[in-house]
Amino acid sequence: MSDVNADSWVSSGHRPMGFPEFVIVVASIMALNPLAMDMMLPALPNIGAAFKIPNANHLQLVLSTFLIGFGVGQFVMGPLSDRFGRRPMLLGGMAVYAVASVLAVAAPSFETLLLARALQGLGTSATRVIATSIVRDCYVGRRMASVMSLAMMVFIAVPVIAPSFGQAVLLVTQWRGIFVVLMLYGLLALAWSVWRLPETLPESERRSLAPADVLAAFRQTVTNRQTIGYAAAAGSVMGALFAYVFSAQQVFTGIYHLGHYFPLAFAAIAAGTAIAGFLNAKLVGRLGMRVISHGALTLYTAVAGVMLLTESLGALPLALFMALSALMMFSFGMMVANFTALAMEPQGHIAGTASSLYGSITTLIGIVVGMAIGQSFDGTLLPFSVGFFLSTLAALAIVLVVEKGRLFKPHHRPIA
């Protein structure tokens, strides 16, 4: 890493872009994923009516198939980017995303729409994995966590506005118009990346795709205690978040009867994550990744316990549910970038492969947990509250094992 300004830590690896543009570009390409997820939330009833889907829980497949494509795609994107460089795989992934959006616009059946959604997820797997790898190419340690937090602040702000944006599109056109908007955004991000984003992986650091070499990199990633532990913990807390997103439309319109005001409630809650990203970027350099993420995990556990208790007592009105959900989002926002940085810390020389496996593991664990909770929706918040609490306890237990019972305290070197 080279010093290029008075701050003495800005990398030269992303030239010609300066630091602000680098963060914005990384955040913009990462935002393809949450935009494609959360813009769909207000449209689920419209999609159900268009394709005559009788079971509202089945409409969650519009979200979960997207995430399956996203999770599976990450297995291959990292090794390919370690071999061929970041730019070719990133640009190819965004092109797949644009084509999938066209397929979704023209989908004649629910099954075709689900195929398009899986392909969209596959395309965004490149943007997420390679964005993380690009940051890891340029920065390490707390500096990486700070950069990721700044990118995450923009990235996480997307869920705040995406449902309202989707609702606005529905006011002027049908649900297929949302996919037109997603396609246009994808093409804009693609053009910006083609024009300004450099290759950040030098030829000298590229890895072979020989099966033995790939398997060795996979083995090194999954056998590292710190990497695999934080991946599993992140997947567990992500499961509760996915469950919340999957069932949000049903909860706010079915239980709390908010109707078209649902996107506003969702945005108010999601704002907690954006605030957390901003605070984390400011504090991580001073306090460290473990202090912040372990404190956030403790808060996450407490929120889960309070939600389960109040729902069990039948005392979870809308105001309290929104407050607890906002705290859930806030604590998640204080965890996610730090868990990623902690997992990637020991894997600098195989950043693409490690980022692939980390993303796949966290996403697929999150999907399994989130679908299990979401599909158990029965018109009450009890299944979500139970699932939230159990998945959070699992994450806390995993972190305790990884850190050998020592929370909040940094180690002199990454845990092997």
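A residue counts as buried when its relative accessible area is under 20%. By that cut-off T132 is buried, because its relative accessibility is 5%. The model discussed here is predicted.

**T132 and the α1/α6 pair**

- T132 is found in helix α6, which covers residues 110–138.
- Leaving aside neighbours within four places in sequence, T132 is in contact with M144, M148, T340, M344 and S355.
- The crossing in which α1 passes α6 is left-handed.
- On the α1 side the contact involves F22, V26, I29 and M30, and these meet T127, R128, A131, I134, V135 and C138 in α6.
- By class, the residues of this contact of α1 with α6 comprise eight nonpolar, one polar and one charged.

**The α10/α13 pair**

- Helix α10 spans residues 225–255, and helix α13 spans residues 318–344.
- The two helices, α10 and α13, pack at an angle of about 150°, and their axes are 10 Å apart.
- α10 and α13 are therefore roughly antiparallel to each other, and their crossing is left-handed.
- From α10 the contact draws on Q226, T227, Y230, A233, A234, V237, M238, L241, Y244, V251 and F252.
- These residues meet L318, F321, M322, S325, M328, M329, F332, M335, F339, L342 and A343 in α13.
- The contact of α10 with α13 has 19 nonpolar and three polar residues, and no charged ones.

**The α11/α13 pair**

- Helix α13 packs with α11 as well, at an angle of about 35° and with the axes 7 Å apart.
- The crossing of α11 and α13 is right-handed.
- The α11 residues in this contact are A265, A268, I269, A270, G272, T273, I275, A276, G277, L279, N280 and V284.
- Their counterparts in α13 are M322, S325, A326, M329, F330, F332, G333, M334, A337 and N338.
- The contact of α11 with α13 divides into 15 nonpolar and seven polar residues, with no charged residue.

- Helix α5 (residues 86–106) has 21 residues, and its first and last C-alpha atoms are 31 Å apart, close to the 30 Å expected at 1.5 Å a residue.
- The buried residues of α5 are R86, M89, L90, L91, G93, M94, Y97, A98, A100, S101 and A104.
- Helix α8 (residues 176–196) has 21 residues, so at 1.5 Å a residue α8 should span 30 Å; the 31 Å between its end C-alpha atoms agrees.
- In α8 the buried residues are G177, I178, F179, L182, M183, G186, A189, L190 and S193.
- An α-helix has 3.6 residues a turn, so residues three or four places apart point the same way.

- Q249 is found in helix α10 and is buried, with a relative accessible area of 15%.
- Not counting residues up to four places away in sequence, Q249 touches L41, P45, G254 and F262.
- P263 lies in helix α11 (residues 262–287) and counts as buried at 2% relative accessibility.
- With residues up to four places away in sequence not counted, P263 touches P42, P163, S164 and Q167.
- P263 and Q226 are 37 residues apart in sequence, and their C-alpha atoms are 37 Å apart in space.

**Positive phi outside glycine**

- H257 has a phi near 55°, a positive value in a residue other than glycine.
- H257 is placed in the loop between α10 and α11 and counts as exposed at 63% relative accessibility.
- K404 likewise has a phi near 55°, positive in a residue other than glycine.
- K404 belongs to the segment after α15 (382–402), and at 64% relative accessibility K404 counts as exposed.

Technical notes:
Residues are numbered from 1 along each chain as its sequence is written. This is a predicted model: local features need pLDDT of at least 70, side-chain atom pairs count only at pLDDT 80 or more; totals for chains, interfaces and linings use all residues. Side-chain values use heavy atoms; hydrogens and water are left out. Axes are lines fitted to C-alpha atoms, for helices over the stretch in contact, and angles run from 0 to 180 degrees between N-to-C directions. Helices (H or I, at least four residues) and strands (E, at least two) are DSSP runs, numbered from the N terminus. A crossing is left-handed if the near helix is turned anticlockwise from the far one by less than a right angle, and right-handed if clockwise. Contact means heavy atoms within 4.5 Å. Ala, Val, Leu, Ile, Met, Phe, Trp, Tyr, Cys and Pro count as nonpolar, Asp, Glu, Lys and Arg as charged, and the others, Gly among them, as polar. The expected span of a helix is 1.5 Å times one less than its number of residues. Buried means under 20% relative accessible area, exposed over 50%, partly exposed in between (1.4 Å probe, protein chains only). Angles under 35 degrees count as roughly parallel, over 145 as roughly antiparallel, 65 to 115 as roughly perpendicular and the rest as oblique.
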